[in-house]
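Here's a quick tour of a protein model, with an eye on its charged side chains. Have a look at it first, then read on.

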Amino acid sequence: LDALDQRARDAGPDEDRISVRVVTQPDGTRAYIVDIPGTQDWSPPGLSPNSATNDLGTNVRVLGGDATTRQEAIAEALRRAGAGSADPVMLVGHSQGGMVAAQAAHDSGTADFPYDVRNVVTMGSPIARADVPPSVQVLALENAHDLVPHLDGRSNDDDPNVTTVTFEAQHGSVGENHGIGSAYRDGSQLVDRSDDPSIAAWRQSAAPFLAGPGDAPTVDAHVYSISRR
């Protein structure tokens with residue numbers, strides 16, 4: 001979440017920023033982690049052309065199950081970072097970023113997202129309607145006092161590949177209950193400390209992206225600014 005929070009603080013309504021972290025293990029194998037922040041531009045969709053890909057229009061389209069310009073840009077960022085179609089990819093997103101991540105996972109291996117998405121981590125994202133395939137392991141963090149994860153009108157499915165973690169972080173406002181630093185960083189630390197079997201199983205599935213005891217992978221971060229033309 002620290003990397004994701006940095007991208008969110010660097011971004012704004014005039015500039016959407018994502019990052020691709022390339023994790024290279026000592027044996028030379030590589031895995032790719034994409035950090036996707038949430039909405040920054042709240043302009044209503046359809047009133048005028050909007051260069052911002054992190055806008056309200058993306059929220060509307062991705063809720064409808066569409067592949068968005070933002071998803072297309074993430075695919076291009078992975079290509080520029082050196083990812084191949086068979087390399088493992090993890091998508092990490094907050095709010096809209098998690099929605100885009102879930103939709104990209106749905107499209108994994110197709111022309112709309114020609115990469116091998118293995119894992120998805122979302123924070124405060126309404127993803128219940130994304131229909132993520134069984135091959136993708138999802139870890140969804142939801143603050144019980146955050147309204148945003150419920151905007152799709154249903155709970156996440158209780159599927160073997162979907163682990164939803166609900167925690168309590170009441171800060172007294174919609175924004176603070178939804179924020180990365182104010183709410184979801186604490187929730188992620190609870191997950192890190194948990195030995196719950198479902199969380200342990202998800203953690204095991206994410207092994208290509210993690211450093212185990214004695215491991216010494218190198219990590220290179222590639223930061224991209226993206227926009228519509």
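What follows goes from the overall fold to the salt bridges.

## The overall picture

Keep in mind that this is a predicted model. The protein has 7 helices and 7 strands, and along the sequence they come in the order α-β-β-α-α-β-α-β-β-β-α-α-α-β. Its radius of gyration is 16 Å, close to the 17 Å from the globule rule for 229 residues, so the protein is as compact as a globular protein of that length. Along the principal axes, the C-alpha atoms take up a box of roughly 50 × 40 × 30 Å.

Among contacts with a separation of 6 or more, 69% are between residues 24 or more positions apart. The exposed surface comes to about 10,800 Å², with 49% of it supplied by carbon and sulfur atoms.

## Charges and how they pair

Side chains of opposite charge can pair when their charged atoms come close. How many salt bridges turn up in a search of the whole structure? The count is 13.

One group goes beyond a simple pair: Asp 2, Asp 5, Arg 9 and Arg 185 are joined in a network of salt bridges.

## Bridges between separate parts

Take Arg 21 and Asp 35, whose side chains form a salt bridge at 2.8 Å, N to O. Arg 21 belongs to strand E1 (residues 16-24) and Asp 35 to strand E2 (residues 30-36), so this pair ties together parts 14 residues apart in sequence. Are the two partners buried or exposed? Arg 21 is partly exposed, with a relative accessible area of 24%, whereas Asp 35 is buried at 1%.

Arg 228 also has a salt-bridge partner, Asp 55, with the closest N and O atoms 3.2 Å apart. Here the link is between distant parts of the chain, 173 residues apart: Arg 228 is in the segment after strand E7 (218-226), and Asp 55 is in the loop between E2 and helix H2 (56-63). Both of these residues, Arg 228 and Asp 55, are buried.

Arg 79 and Glu 76 make a salt bridge at 2.6 Å, N to O. Both lie in helix H3 (residues 69-80), 3 residues apart, or about one turn of the helix. Glu 76 is partly exposed, with a relative accessible area of 27%.

Methods: Residues numbered from 1 in each chain as written. Predicted model: local features only at pLDDT ≥ 70, side-chain atom pairs only at ≥ 80, totals over all residues. Heavy atoms only, no water. Salt bridge = Lys/Arg side-chain N within 4 Å of Asp/Glu carboxyl O. Helix = DSSP H or I, 4+ residues; strand = E, 2+ residues; numbered from the N terminus. Buried < 20%, exposed > 50% of the residue type's maximum accessible area, 1.4 Å probe, protein only. Rg over C-alpha atoms; globule rule 2.2 N^0.38 Å. Contact = heavy atoms within 4.5 Å. Areas by Shrake-Rupley, 256 points an atom, 1.4 Å probe, with all protein chains shown as cover.
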